[in-house]
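Let's take a friendly look at how a protein surrounds its ligand. Have the sequence and the 3D view ready.

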Amino acid sequence: MSSTQTVASDTPRRYQLFIDGKWMDAESGKTFETPNPSTGATLAEVAEADKADVDKAVAAARRAFEGKWSKMSARDRGRLMYKLSQLIDANSQELAALETSDNGKPIRESQYVDIPQVVENFEYFAGFATKIEGETIPVPGQMFNYTLREPLGVCGQIIPWNFPLLMAAWKLAPALAAGNTIVLKPAEQTPVTAMELGKLIQEAGFPDGVVNIVPGYGETAGAALASHPGIDKIAFTGSTEVGKLIAREAAQNLTKVSLELGGKAPNIVFADADIEQAVNGAMMSIFFNQGQVCCAGSRLFLHEEVKDEFLDNFKERASRMQVGNPMDTATHMGPQVSEEQLNRIKSYVEIARGEGATVLAGGEPPQLEGDFRAGYFFQPTIFSEVTNQMRVAQEEIFGPVVSVITFKDEEDLIQQANATIYGLSAGIWTRDITRAHRFAREIKAGVVWINTFNMFNAASPFGGYKQSGYGREMGKHALDLYTQVKSVWVDLSGKPMGWFGK
Ligand code: NAI
Ligand code: MG
């Protein structure tokens with residue numbers, strides 16, 4: 001059974017910038033359009049922030065940080081966050097429909113993955129507000145030494161378009177719990193749900209300026225935020241290329257940085273795996289969210305003994321997937337987020353052919369009807385006969401495209417699996433528990449999935465090794481990104497210090 005949802009209205013929505021608790025046009029008066037990637041039709045017209053607006057937002061965030069927000073009790077801060085999570089939950093249907101309209105992901109994913117995890121993240125970190133504690137240190141002598149865990153101040157947060165509202169939640173929730181104020185820049189491709197979040201933040205009753213939202217382009221608004229001397233921290237999720245630019249900009253002011261960047265995850269199937277389960281996991285690992293997932297299992301390593309059986313099954317399942325209207329609950333894959341991303345994928349199909357790989361399934365856009373002919377759709381695609389040195393095995397494609405590599409033994413496998421600049425995630429399918437745990441230790445990646453893939457929880461840390469970035473989001477580790485430690489010494493002896501007192 002399938003059903004189709006639509007967004008409330010066909011006329012484009014309008015959004016202003018959200019600064020200091022108020023909605024306002026950009027200083028320049030400029031706006032930009034965000035299309036619905038299913039059809040190319042304009043979904044919303046959005047005020048376009050640039051440096052002058054970022055300056056305003058940073059100043060508002062500073063005032064809020066020095067003012068009401070830092071005087072609020074941790075409990076009240078947590079209660080506001082909890083209230084926000086409930087408001088998001090209450091509006092989840094509309095938020096899911098908007099997310100799908102702006103990003104193209106299947107409504108089933110927006111509704112059952114993205115929005116519920118947004119709620120979960122705000123809820124989880126709401127509870128942390130009252131549990132951020134210092135420590136007492138057993139120093140020698142008549143001294144008392146303790147630590148305070150303090151917020152950093154004003155945090156710039158730049159997020160991507162693949163999980164628009166969820167990436168906002170991953171960044172906002174720990175920052176707010178720790179008592180920081182924020183300037184958030186959503187991706188230009190998908191600003192809509194972030195702006196809706198602004199309305200809910202207002203409704204929840206957060207003081208003005210605690211969260212400011214400045215939609216705009218990366219090279220303008222994003223760069224102005226990353227290089228701003230008035231921010232204490234910059235958090236970024238996106239391409240490794242831009243991550244390096246941001247680290248360079250931030251270095252000018254020694255702004256603290258956390259980066260969650262690209263990946264080229266190995267997903268490994270041993271001969272003793274439950275093949276049915278592994279095929280299912282491989283589908284989920286690369287076709288979820290149209291493959292626009294930094295931790296996607298884009299390098300599929302198959303043991304040569306099971307390669308044929310696996311690929312027959314995998315190819316058949318991939319070609320049966322429904323690609324089309326993402327508002328239809330029967331759809332497995334919607335469009336890619338933008339024409340730029342679609343073209344990038346097409347170019348990698350050419351690169352793969354040129355390198356001698358075989359296109360086993362997909363490799364081109366599907367034939368769709370009506371308005372969807374103008375959408376940015378692509379078929380689930382499998383490249384076989386790939387070697388780990390090929391560009392399609394080394395570069396992040398960020399689409400529903402998987403490169404299949406075969407292997408013989410474990411040692412060779414580990415070497416190949418680690419032979420990439422990235423280290424975000426990895427998956428392994430085997431019934432041998434010693435092998436599974438050995439692999440978990442030997443792989444250089446921030447997340448390892450054993451007989452599963454793409455599992456997330458607000459309580460479990462996520463982040464990269466190597467050029468996949470630094471810092472861990474979610475879980476208690478995320479608080480390290482948004483707090484700093486102050487060590488306080490108190491003399492208990494009442495006596496003059498050392499020889500200076502003599
Ligand atoms: P991007 O890295 O350019 O964009 C991500 C965010 O950074 C957006 O908000 C963008 O406006 C901002 N940005 C761009 N240039 C900036 C700059 N100079 N200063 C400050 N902020 C800037 O990613 P893009 O161009 O959308 O996608 C290109 C590739 O990046 C994808 O094909 C994919 O491989 C990778 N990517 C990885 C993501 C992840 O989750 N790790 C998410 C999005 C893209
Ligand atoms: Mg870019």
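The model is predicted, so to speak of local features a pLDDT of at least 70 is needed, and side-chain atom pairs count only at pLDDT 80 or more. Residues are numbered from 1 along each chain as its sequence is written.

Around ligand 1 there are 27 residues, and the closest are I159, W161, E188, S239 and E396; a residue is near if one of its heavy atoms lies within 4 Å. By kind, the shell has 14 nonpolar, eight polar and five charged residues, with Asp, Glu, Lys and Arg counted as charged and Gly among the polar ones.

Three of these neighbours have a polar atom beside an oxygen atom of ligand 1:

| Residue | Part of residue | Distance to ligand 1 oxygen |
|---|---|---|
| I159 | backbone | 2.8 Å |
| E188 | side chain | 2.6 Å |
| S239 | side chain | 2.6 Å |

Taken alone, ligand 1 exposes 800 Å², and the protein buries 91% of that (Shrake-Rupley method, 1.4 Å probe).

Where do shell residues come from? At least three come from each of domain 1 (13–261 + 468–486) and domain 2 (266–450).

Notes:
Chains lettered and ligands numbered in written order. Heavy atoms only, no water. Polar contact = N/O pair within 3.5 Å; in protein donor to acceptor, adjacent residues only side chain to side chain. Domains from an automatic or database assignment.
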